[in-house]
Amino acid sequence: MKQIVIILASALMLMSCGGGEQKTDSTETTPATESKTENVKEAPEAVTLTIEGNDEMKYNLDMMTVKAGQEVTLVLKHVGKMAEEAMGHNWVLLKKGADMQEFAMEAIGAKDNGYIPVGTNKVITNTDMIGGGEETKITFTAPKKGTYNFLCTFPGHFATMQGKFIVE
Ligand code: CO
């Protein structure tokens, strides 16, 4: 009789242990959810950057900073009055290792393609070419950490219209 009681008692203990394990399972679910939330927080928020070009063949910024993997909306505003044919501006982000001067020279021959060499493998992304009073924008994902060059590829502009795109 005593043995049966002991067995029953152990069975009850096992059951309660089983219940305890279930509780442990459910508490493990909570941290998993929390870490997912943390991951979302760690992902950089989307950002909008605005850069202006003017009739003096200049951008208003020579450096722009974003985070790796960040969704970037780049707004290019031509705050001048001159026509695109005379004072066109675009914003072209070059891949690392692309020679800016060499690329700018290639671009001169690509007027029909908005001064972007057809089939080039040197560009990460670029806006359209615009004239005075116009505005254009593009959205892209920031590349990996590093320093990249941006420029305007309208003939002769890159000398005064260029800058560093820094990805942190
Ligand atoms: Co320009």
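## Strands, a charged trio and a surface patch

Strand E7 (residues 146-151) lines up with strand E8 in the antiparallel sense, and six bridges join them. Here, two strands count as paired if DSSP finds at least two bridges between them. Keep in mind that this is a predicted model, in which local features need pLDDT of at least 70, side-chain atom pairs count only at pLDDT 80 or more, and totals for chains, interfaces and linings use all residues. Residues are numbered from 1 along each chain as its sequence is written, and side-chain values use heavy atoms, with hydrogens and water left out.

Now step back to the whole chain. It has three helices and eight strands, where helices (H or I, at least four residues) and strands (E, at least two) are DSSP runs numbered from the N terminus. Read from the N terminus on, the elements follow the order α-β-β-β-α-β-α-β-β-β-β. Of the 168 residues, 34% count as buried; buried means under 20% relative accessible area, exposed means over 50%, and partly exposed lies in between (1.4 Å probe, protein chains only).

Strand E3 (residues 71-78) is mostly covered, with six of its eight residues buried. Which strands pair with E3? Strand E1 (residues 47-53) runs parallel to E3 over seven bridges, and Val 47 stands opposite Val 72 in E3. E3 and E6 run antiparallel and are joined by seven bridges. In that pairing, Leu 76 has Thr 136 of E6 as its bridge partner.

Next, turn to the charged side chains. A salt bridge is a side-chain nitrogen of Lys or Arg within 4 Å of a carboxyl oxygen of Asp or Glu, and by this rule the count comes to two. In one of them, Lys 122 meets Glu 102 at 3.1 Å, N to O. Lys 122 lies in the loop between helix H3 (100-108) and E5, while Glu 102 is in H3, so this pair ties together parts that are 20 residues apart in sequence. Lys 122 also meets Glu 106, at 2.7 Å, N to O. Glu 106 is in helix H3 too, so this contact ties together parts that are 16 residues apart in sequence. Through shared partners, Glu 102, Glu 106 and Lys 122 form one network.

| Residue | Relative accessible area | Class |
|---|---|---|
| Lys 122 | 16% | buried |
| Glu 102 | 43% | partly exposed |
| Glu 106 | 34% | partly exposed |
| Glu 134 | 38% | partly exposed |

Finally, look at the surface, where Glu 84, Glu 85, Asp 128 and Glu 134 gather in a patch of negative charge. Such a patch is made of residues with over 30% relative accessible area and no salt bridge, with like charges joined within 9 Å. Asp and Glu count as negative. As for where Glu 134 sits, this residue is found in the loop between strand E5 (123-126) and strand E6 (135-141).

How values were computed: Patches are made of residues with over 30% relative accessible area and no salt bridge: like charges are joined within 9 Å, nonpolar side chains (Val, Leu, Ile, Met, Phe, Trp, Tyr) within 5 Å. Accessible areas come from the Shrake-Rupley method with a 1.4 Å probe; for residues, only the protein chains shown count as cover. The place of a charge is taken as NZ of Lys, CZ of Arg, CG of Asp or CD of Glu.
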